[in-house]
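Here's a quick tour for anyone opening this structure for the first time. Have a look at the picture, then read on chain by chain.

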Amino acid sequence: MTLAVDLASWGLILLGSFFTLVGAFGLVRMPEVFTRMHAASVTDTLGVGFLILGMTLQAGFGLVTLKLLFLLALFVFTGPVVTHALAQACLHEGIKPLLAEDRRGMTRPRSTDPDDGRQPS
Amino acid sequence: MIRYFSLAGLLFAFWLALSGHYTPMLVTAGAVCAVACVFAAIRMRAADPEGHPIELFRGAITYFPWLFLEITKSGWSVTKVILDPSLPISPTMTVVRASQKTPAGMATYANSITLTPGTITVGVSGDEFTVHALVRDGADDLEGGGMDRRVSQFEGAA
C-alpha cells in the first residue's frame with residue numbers, strides 16, 4: 001500500500017516537473033510576450049497542479065494536505081488575475097501582439113484604439 | 001444574513017486549519033477574529049454576492065472538476081505545440097461574448113479562459129471579452145461557446 005502510494009506520488013511529481021520544464025522551454029522558444037504567457041501558463045496550471053497532487057500523497061491526510069490544497073486554490077484564483085494584468089499592461093504600453101489572424105474586427109467595427117477591448121479608466 | 005454567517009464560519013474554519021493549535025484561548029481568539037473580519041468586510045462592502053458568492057458554491061462542486069479536465073486537455077495540446085520542432089503557432093485575437101448575468105459569473109468565465117493554457121482574456125468591455133489564443137483552434141473553440149454555456153450553467157445552478 002505504501003509502495004503504491006509512493007509510486008503514484010513519484011509519478012505525479014515527475015509529471016509536474018515535466019510540465020514545469022516544458023513551460024520553461026516554451027518561454028524560451030516563443031517569439032514574443034503574448035505567446036510566452038501561454039507557455040508560462042502550462043507551468044502554473046499543470047506543473048504546479050501535478051506537483052502539489054504528488055506532494056499531498058506524500059503528506060497523507062492531515063493539516064499539511066489541507067494547506068497544500070489552499071496553495072493550489074491560491075494559484076487557481078490569483079494566476080489568471082496576474083496573467084490578465086500583464087497582458088493588459090502590455091497592450092496599454094502599445095506592444096502589438098504578433099498575430100497570424102486578427103478576428104477582433106469581424107464581430108464588430110474595428111476600433112482604432114491600440115489597446116482594443118480595454119475598459120475605459 | 002446567511003452570507004455573513006457563512007463568511008464567519010468559513011473564516012473560522014480557515015483559522016483552525018492554518019493554526020493547528022487547539023487551546024481554548026487560541027480558538028476563542030480565532031472566533032473573535034473571524035467575527036471582526038466579517039464586520040470589516042461588511043463595512044468595506046466586500047461581503048456581497050461578488051465578494052462571497054455563496055450562490056455559486058453548489059455549482060462549484062461539479063464546475064471545478066470539469067475545469068481541471070479542460071485545463072489538462074488544453075495544457076497537453078499546448079505542450080505538444082511547445083515541443084514540436086516546427087513550433088506550429090498561429091496567434092489569434094478574437095472577441096467572444098459572455099452570457100453570464102452576475103459579475104462573479106463573468107469573472108469566473110474570464111478567469112477560466114485565462115487559466116486554460118493557450119487562451120488569455122486580455123480585455124473586457126461590457127459583455128465582450130477580447131481573447132488572445134496561441135493557436136487558431138483555441139479561438140475556434142471559444143467562439144463555439146462551449147465553455148460560455150458551461151459557466152452560465154454553473155452560475156444558474158443556485
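## Chain A at a glance

Chain A has 4 helices and 1 strand, and reading along the sequence gives the pattern α-α-α-β-α. Here helices (H or I, at least four residues) and strands (E, at least two) are DSSP runs, numbered from the N terminus. Bear in mind that this is a predicted model: local features need pLDDT of at least 70, side-chain atom pairs count only at pLDDT 80 or more, and totals for chains, interfaces and linings use all residues. Residues are numbered from 1 along each chain as its sequence is written, while chains are lettered from A and ligands numbered from 1 in the order in which they are written.

Of the 121 residues in chain A, 28% are buried. A residue counts as buried if 20 or more other C-beta atoms lie within 10 Å of its own, exposed if 12 or fewer, and partly exposed in between, with C-beta atoms placed from the backbone. Among contacts in chain A with a separation of 6 or more, 58% come from residues 24 or more positions apart. Two residues are in contact if their C-beta atoms, placed from the backbone, lie within 7 Å.

## One residue up close

Let's zoom in on Ala40(A), which sits in helix α2 (residues 33–59) of chain A. Is Ala40(A) buried or exposed? Ala40(A) is buried, because 20 other C-beta atoms lie within 10 Å. Setting aside its neighbours within four places in sequence, Ala40(A) touches Gly23(A) and Leu27(A). From Ala40(A) to Ala89(A) it's 49 residues in sequence and 17 Å in space, C-alpha to C-alpha.

## Chain B at a glance

Chain B has 6 helices and 3 strands, in the order α-α-α-β-α-β-β-α-α. Its radius of gyration is 20 Å, well over the 15 Å that the globule rule gives for 158 residues, so chain B is more spread out than a compact globule. (The radius is taken over C-alpha atoms, and the rule is 2.2 Å times the number of residues to the power 0.38.) Taken along the principal axes, the C-alpha atoms of chain B fill a box of roughly 65 × 35 × 25 Å. In chain B, 34% of the 158 residues count as buried.

## Two helices packed in chain B

Helix α1 (residues 2–19) of chain B packs on helix α2 (residues 24–43) of chain B at about 140°, with the axes 9 Å apart. Axes are lines fitted to C-alpha atoms, for helices over the stretch in contact, and angles run from 0 to 180 degrees between N-to-C directions. That makes α1(B) oblique to α2(B); angles under 35 degrees count as roughly parallel, over 145 as roughly antiparallel, 65 to 115 as roughly perpendicular and the rest as oblique. Residues making this contact include Leu7(B), Phe12(B) and Trp15(B) of α1(B), along with Leu26(B), Val38(B) and Ile42(B) of α2(B).

## Where the chains meet

The contact between the chains takes 33 residues from chain B and 38 residues from chain A. On the chain B side, α3(B) gives the most, with 7 residues.

Which way do the helices cross here? The axes of helix α3 (residues 63–92) of chain A and α4(B) come within 9 Å and cross at roughly 80°, which means α3(A) is roughly perpendicular to α4(B). Val76(A), Gly79(A), Pro80(A), Thr83(A) and His84(A) of α3(A) meet Asn111(B), Thr114(B) and Leu115(B) of α4(B).
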